[in-house]
Amino acid sequence: LKFVEESGGGLVQPGGSVTLSCAASGFTLDRYTTGWFRQVPGKEREGVACISDGDGSTYYADSVKGRFTISRDGAKNTVYLHIDNLEPEDTGTYYCAADRMSSVQPLCTTPSYLYDYWGQGTRVTVSS
């Protein structure tokens, strides 16, 4: 069975930090362009941070630059999203997606439900 699974969400205070994990099972995540997407009720799913296969180049949405960091650990077959200085606007469900054919910027800027793998999401709530 091949899938990706997110974890690490929860209730976080404004100004705090959180690290989300996207763990792959049954395939090598390093060979896929991987991204994190955020969705809030009533809005489209938006790409916030993506990392390419190969050289690991990254792309960030303008709204999250400086606070979000995407990284990967090949040995753990996992991609991470670290978020600093959380704001209430960061509240949402965060999804991980991996796609073999996409380049890093298009993966984030034009998300598609046709990507090879989508996780079930992990919810982050930023509230005091």
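A: Let's start with a term: a residue is buried under 20% relative accessible area, exposed over 50% and partly exposed in between (1.4 Å probe, protein chains only). This is a predicted model, where local features need pLDDT of at least 70, side-chain atom pairs count only at pLDDT 80 or more, and totals for chains, interfaces and linings use all residues. Residues are numbered from 1 along each chain as its sequence is written, and side-chain values use heavy atoms, leaving out hydrogens and water.

Q: How many residues of strand β5 are buried?

A: Strands (E, at least two residues) are DSSP runs, numbered from the N terminus. In β5, residues 46-51, five of the six residues are buried.

Q: Which strands pair with β5?

A: Two strands pair if DSSP finds at least two bridges between them. Strand β4 (residues 33-39) pairs with β5 in the antiparallel sense over five bridges, and Arg38 stands opposite Glu46. Strand β6 (residues 58-60) is also antiparallel to β5, over three bridges; here Ile51 has Thr58 as its bridge partner.

Q: What lies between the strands of each hairpin?

A: Six residues separate β4 from β5, and Gly42 in that turn has a positive phi of about 85°. Six residues also lie between β5 and β6, where Gly54 takes a positive phi near 70°.

Notes. Helices (H or I, at least four residues) and strands (E, at least two) are DSSP runs, numbered from the N terminus.
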